[in-house]
Amino acid sequence: MITDIDGTLTDEKRRLSTVAIETIRKLNENGIEVILSSGNTSCLLKGLCKLIGTGGTFIGENGGVYRIGFQGPLKVISDRDIAVKALNMLIEYYEKKGVRLELFSHQERYSDVAFAREVPVDEVRSLLADWPVDIMDTNFAIHIHAKGIDKGKTFPIVAEQLGIKPEEFIGIGDSENDIGMIKAAGIGCCVANAQESLMNVSDFCSSASYGEGFVEIMRKNFPHILAR
């Protein structure tokens, strides 16, 4: 199983859902591989893997970095030079308009940059239309990374190293940065609060939102483990 975190394992205030954590721990204890896949930084994901109770494998920065297990080295898919240059252009542009971009974990990122959704994402995409970068709206932040970086492209690399086929996974998410991952998984699911673009490519959408929706999906697919 591969899952997003923010908006999928959390509540509407971005607090981790305790029922979702309990569900992941039970799956892990019964031999189900659980991969956390997020736009968050590797330092945060390292801690979350331990505290939530997974096997340690994660994909971070929307596919820009990954790690296999707790002992595996951090792998960086691409550097962030072009993303930083694009960000600097945006900073200069918005400063002239009296807007200061709020950067997220800028010193802890290896392959992308991220900032608060306080400016229109469509405007950001227009400003960077000629740059070799992709702009990702995660519902919580706007990310910029080198073109071609995506959760869905890193997921098969991680799956192969784990010795599991991508089509054997259930994928769960809530926003557009999960689309590639959902398409690559054997069963792609989304929670009820998901962006419409993700709902359109999902095989199943829960009736419940956020962490409760994640638990609903898990109970549907692993009834032998998660029987009430």
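Helices α1 and α8 pack at about 30°, and are therefore roughly parallel to each other (angles under 35 degrees count as such). Their axes, lines fitted to C-alpha atoms over the stretch in contact, lie 8 Å apart. Helix α1 spans residues 18-29 and helix α8 residues 210-221, helices being DSSP runs (H or I) of at least four residues. In this contact (heavy atoms within 4.5 Å), V19, A20, T23, I24 and L27 of α1 meet G211, E212, F214, V215 and M218 of α8. These residues divide into 7 nonpolar, 2 polar and 1 charged, with Gly counted as polar.

The model is a predicted one, in which local features need pLDDT of at least 70 and side-chain atom pairs 80 or more, while totals for chains, interfaces and linings use all residues. Residues are numbered from 1 along each chain, and side-chain values use heavy atoms, without hydrogens and water.

Turning to open space, the largest pocket has a volume of about 230 Å³. Its lining comprises 18 residues, and D6, R14, G39, N40 and H143 lie nearest its centre. A pocket here is an open set of points on a 1 Å grid where a 1.4 Å probe fits, with protein on both sides within 12 Å along at least five of seven lines; lining residues have an atom within 4 Å of a point. By class, this lining holds 4 nonpolar, 9 polar and 5 charged residues.

Note on methods: Axes are lines fitted to C-alpha atoms, for helices over the stretch in contact, and angles run from 0 to 180 degrees between N-to-C directions. Helices (H or I, at least four residues) and strands (E, at least two) are DSSP runs, numbered from the N terminus. Angles under 35 degrees count as roughly parallel, over 145 as roughly antiparallel, 65 to 115 as roughly perpendicular and the rest as oblique. Grid points are joined across faces, edges and corners, and a volume is the space filled by probe spheres set on the points.
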